[in-house]
Amino acid sequence: MAKMQLRLTVNGEAAELLVEPRELLVYVLRERLGLTGPHVGCDTSHCGACTVDMDGRSVKSCTVFAAQADGADVTTIEGLGAPGGLSVLQQAFREHHGLQCGFCTPGMITRAHRFLQENPNPSEEEVRFGMAGNLCRCTGYQNIVKAIMAAAAELNAVREAAE
Amino acid sequence: MNEMAPISREERVEKLKGLGCSRKRVEDVRFTQGKGNYVDDLKLPGMLHGDFVRSPYAHARVKSVDKSAALALPGVVAVLTAEDLAPLNLHWMPTLAGDKQMVLADGKVLFQGQEVAFVVASDRYVAADAVDLVVVDYEELPVVTDPFKALQPDAPVLREDLQGRTSGAHGDRRHHNHIFLWEAGDKAATDEVIASADVVAEEMVYYHRTHPCPLETCGCVASMDTVNGKLTVHGTFQAPHVVRTVASLLSGIEEHKIRVISPDIGGGFGNKVGVYPGYVCSIVASIVTGRPVKWIEDRMENLTATAFARDYWMKGKIAATKDGRITGLSCHVTADHGAFDACADPSKFPAGFFHICTGSYDIPVAHVGVDGVYTNKAPGGVAYRCSFRVTEAAYFIERMIEVLAIELGMDAAELRAKNFIRKEQFPYHSALGWEYDSGDYHTAWDKALKAVGYADLRKEQAERVEAFRRGETRKLIGIGLTHFTEIVGAGPVKNCDILGMGMFDSCEIRIHPTGSAVARLGTISQGQGHATTFAQILASEIGLPADSITVEEGDTDTAPYGLGTYGSRSTPVAGAATAMAGRKIRAKAQMIAAYLLEVHDGDLEWDVDRFVVKGAPERFKTMKEIAFASYNQAIPGVEPGLEAVSYYDPPNMTYPFGAYVCVMEIDVDTGVHEIRQFYALDDCGTRINPMVIEGQVHGGLTEALAIAMGQEIAYDEIGNVKTGTLMDFFLPTAWETPHYTTDFTETPSPHHPIGAKGVGESPNVGGVPAFSNAVHDAFRPFGLRQSHMPHDHWRIWKIARDLGLHG
């Protein structure tokens, strides 16, 4: 199959590569760029394990053609850490036991990262609704919600202190 | 000189992060950063990708397979069919249940999605293209998806390979689609009690077919090193050591030349216990091509072909006196096993531990019979987040109790309390042959009822019914009660084995000179957090901080042999092995300390992290000091080093229990439910890490919610799977999932070294009847006795319609 040139920014770094037009973004990230944080759980955009951030929106990279990401700015879980350690969100997931097998976690945290920018001060109900595109089979969500609420509080405190 | 600044005993205990502490998980640092190592993350040089051609038909003869067009596609390396595997005798393989199953279709297919050919290609896209190019000529055969119809005299013959065979691995077969009849208890005595009872409640309880559906599907990478003759298989295996043994027996490769590695596993819930055709085909393809071969199933393949759960039709009769004392229980199960009997149960238990179905109650006589039946559905029958068939048993008895309460006109909570096994009856011998190790059901029950304000709830419910009848509301309240008893921790080698391997488990510990350690176990975590919690068990046993103990599992080249992780067996069995290995370390440490302190062994006592001379608390040696001494001192009569291994054969199962209450509001006109409150009290014996226990309970309850309220693997009459994607197969989101309140009592297991019983599966076992009973209870005032799960909105709406509540 004829290949096309794809240029995109991934986690702040420019990437340029040849791909088949039918290749999915998650495939390019995992197989061509070696970023195995985004996972494939369902192939049908229900589970959200493949969630990445594309131009400031959460997308399910299993249902985005790489060609659609041409010129895009993509962030994966690998690009969300803090220098030398865990980000506030990552730390909150650990602190509140918001993960078990870890398979949904990269997508969950990547979505939570975007969600807290859409709604920095959410209610528990808003967290549950805003995270409903990401499935978890292990935690029953209660501690994920707790972690996101805690991270929101901490991020807001940091923001207020800075202002 | 010992330590510079002495710290208090409490501080020393705290520093260990041992038993009972909510230690943060060590696994999370990599998982939260996307640095987990799951099988699909593995990339080996020259690796090929396998993909299956699968049957679109549920029952058909395979007349021919034309692979020429596929083979002509650039990038395609091989296309394997049963004909290619037959010379190796690998076109069929043994199942865990004493049956055999096709690896690739041998002349016919028996369920939709069955593996017909295995394509091996340079990448996934090419493999998928090639799958489309394989031309299979099918001749359709009559399909049977109903186990009752499968047993009719004129039902189509499904398993032609078994034709004329009047007995199987579990006794006589009375029909060409019959697999076995398995029985426990005293039939004559039970029939007699039922025939002469004051009150008998009779009901058919169906626990529908569903699927564990972990977020990560099954997969493997097989890699044959043709130079050294060593086969390495990485895969999503809940029992890596057993996979190695099976791979050796099937392939003829000696076991020391096979290395099986379970990397991080993205959830298992029973789905990853069995051996699937994908593993066999990947191994063969790697041997044939000399290159690593990866096979990862997609979600539709996962839901349609690997490892269904449940599908038990349970016909029950429960007898009681007029005042509600249960006198007998009988149950006959028609068990739909699909096309091959691939149930993952200990060999001697073709219906698992279903005979725990007397539940938490003191029932003098009982009998169960389970008929296994072949149908044109996928094989499996795994323990989906439960011990073997225990969730079916718990659902059955907890429904029968409710039905009996209706029959007696009694409150279901009172009926339970009246019949619980009393605290002083433990160890309790059940009518179906189990020895319940310990329990205190009344205490748990009273605590639960008090916590939810049971009497007030009933009052509110009654008022709501009146308001409904007056036309003031369209919402009803259901109060779902459950008191369950699990049976986990399989199991004693004398009666529990998988393919002949006794169900012990193991732990090997090495203490390093500077006082840190590595412990390796025969189990494998799939999210349970073993690396965190087993280090806690060990920290309390050997007095080294949990943070200084690395726990490793899943590599058969380094870990001791064990039977793996399923059936809540890790804590009861491998956890016990860990404690016992720790005690061996401590026993040797005591001899070393005695030498160093120049006293007799018997003059020392253990204190948190050190041996202290009795009566002289200032004279002691810490475990850290002892570890160093074991490597640098010549101690007469004591070997250098500090290592231990324990293989633990449990003397009995463990019997965790719990009391759950679900309060549900149901809209009669839409069938939509809202869970207003869910209270879960679990007694899992000694609590190792409360944070992890609570997480397990939340997760298990959510899987129970899914099963009870909407999740199913449904077939149409010609065997099409109607629920093959997550569009149709219900997994609850954060939005649909309620908030849970957790609670506990603590009744330690008397035979487990640290008294722990296991908890991961309890919330599924107890949760399903709690949710289901809530639905039933809402409609009890209007005459509902039994309505089968899953209780999705449509089915609840139908209950209301059939009861005439839509006016």
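This briefing describes two strand pairings, a loop lysine and a helix in chain B of a predicted model. Local features need pLDDT of at least 70, side-chain atom pairs count only at pLDDT 80 or more, and totals for chains, interfaces and linings use all residues; side-chain values use heavy atoms, without hydrogens and water. Residues are numbered from 1 along each chain as its sequence is written, with chains lettered from A and ligands numbered from 1 in the order in which they are written.

**Strand E19 of chain B**

- Ten of the ten residues of strand E19 (residues 365-374) are buried (under 20% relative accessible area, 1.4 Å probe, protein chains only); strands are DSSP runs of E, at least two residues, numbered from the N terminus.
- Both faces of E19(B) are covered, with B:Val365 and B:Asp371 among the buried residues on one side and B:Ala366 and B:Tyr374 among those on the other.
- In a regular strand, side chains alternate between the two faces of the sheet.

**Pairing partners**

- Strand E11 (residues 178-185) of chain B pairs with E19(B) in the antiparallel sense over seven bridges (pairing requires at least two DSSP bridges), and B:His178 has B:Val373 as its bridge partner.
- Strand E18 (residues 326-338) of chain B runs parallel to E19(B), joined by ten bridges; B:Gly338 is partnered with B:Tyr374.

**B:Lys43**

- B:Lys43 is found in the loop between helix H2 (28-31) and strand E1 (48-54) of chain B.
- Its C-alpha atom is separated by 8.9 Å from that of B:Val221, 178 residues apart along the chain.
- A polar atom of the B:Lys43 side chain lies 2.3 Å from the backbone oxygen of A:Glu31.

**Helix H19 of chain B**

- Helix H19 (residues 762-779) of chain B has 18 residues, and 18 of the 18 are buried; helices are DSSP runs of H or I, at least four residues.

Terms used
Buried means under 20% relative accessible area, exposed over 50%, partly exposed in between (1.4 Å probe, protein chains only). A polar contact is a pair of N or O atoms within 3.5 Å; within protein, one must be able to donate a hydrogen and the other to accept it, and residues adjacent in sequence count only if both atoms are side-chain atoms. The expected span of a helix is 1.5 Å times one less than its number of residues.
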